[in-house]
Amino acid sequence: IEANILNKLGLIDDSESKYLEASRMNYKPAIDSAKSFYLLKYGTIDGFDDYLKSDSNLKISSVELTNEEVPDFTFFDINGREYQLSEFRGKVVILNFWFTGCFGCIKEIPILNHIYDKYSINDVVFLAFALDSTDIIKSFLQKKEFKYKAIPSSGHIAKNFKVSSYPTHIIINKKGKIIRKLVGSIDKSDNQLDFFIQNCIK
């Protein structure tokens, strides 16, 4: 009911948030409304299930994965340039899994840009693996700056890294091993991403 009132008042973002809250409690009318919002914004329902999983208030959790070596794989950025993860061996690599319909993902971008500015000259590579297509990401980046290298249509890569919530951050050390998986939005008051990057570059 609250979402419907907010929608009628023209408070679209607030009403969308309320529909999402109700959807996560499996309230079918709210799910249908949230799907309509998503379709209106993105022109497709691709990625809608992941959109429902996103949560801007998701508390950051840290999972230690010190012995897991990352297998090599190939990927393309939004400009079509090809990369292999192995070419960054010897550098700290930060993987960000996100999508443009994820509130928590968008909320943390200014903080991620600050981290990029702080560490990108220290042999730290920042890669943003998005669920969205190249066109959607390019349209998004025209409106909002995100300094990470954007990788489109990366659902299969997220699956390989066992990503089930968004945003998720994975920190790979210079030896090519995952040392941390951070699930949830990065917060200024508890910036674990910054902390672990500092430890990696020492």
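**The nonpolar core and its surroundings**

Mentor: In this predicted model, the largest nonpolar core has 50 residues, and the members that touch the most others are Phe75, Phe97, Phe161 and Leu193. Strand 5, residues 124–130, supplies the largest share of this core, with seven residues.

Start with Phe75. Leaving aside residues up to four places away in sequence, Phe75 touches Arg81, Glu82, Tyr83, Gln84, Leu85, Phe88, Leu127, Phe129, Ile151 and Ile157.

Leu85 sits in the loop between strand 3 (82–84) and strand 4 (92–98). Its relative accessibility is 9%, below the 20% limit, so Leu85 counts as buried. Leu85 and Pro71 are 14 residues apart in sequence, and their C-alpha atoms are 8.4 Å apart in space.

Now turn to Leu193, which is among the core members that touch the most others. Leu193 also belongs to the contact between two helices, as one of the residues of helix 9. Helix 6 (residues 109–119) and helix 9 (residues 192–201) have axes that come within 11 Å and cross at roughly 15 degrees. An angle under 35 degrees counts as roughly parallel, so that is how helix 6 and helix 9 are described. The crossing of helix 6 past helix 9 is right-handed. Helix 6 contributes Leu112, Ile115, Lys118 and Tyr119 to the contact, while helix 9 contributes Leu193, Asp194, Ile197, Gln198 and Ile201. By class, six residues of this contact are nonpolar, one is polar and two are charged.

Notes:
Residues numbered from 1 in each chain as written. Predicted model: local features only at pLDDT ≥ 70, side-chain atom pairs only at ≥ 80, totals over all residues. Heavy atoms only, no water. Core = buried A, V, L, I, M, F, W, Y, C linked by side-chain atoms within 4.5 Å. Buried < 20%, exposed > 50% of the residue type's maximum accessible area, 1.4 Å probe, protein only. Helix = DSSP H or I, 4+ residues; strand = E, 2+ residues; numbered from the N terminus. Contact = heavy atoms within 4.5 Å. Axes fitted to C-alpha atoms, helices over the stretch in contact; angles between N-to-C directions. Parallel < 35°, antiparallel > 145°, perpendicular 65-115°, else oblique. Left-handed = near helix turned anticlockwise from the far one by under 90°. Nonpolar A, V, L, I, M, F, W, Y, C, P; charged D, E, K, R; others polar.
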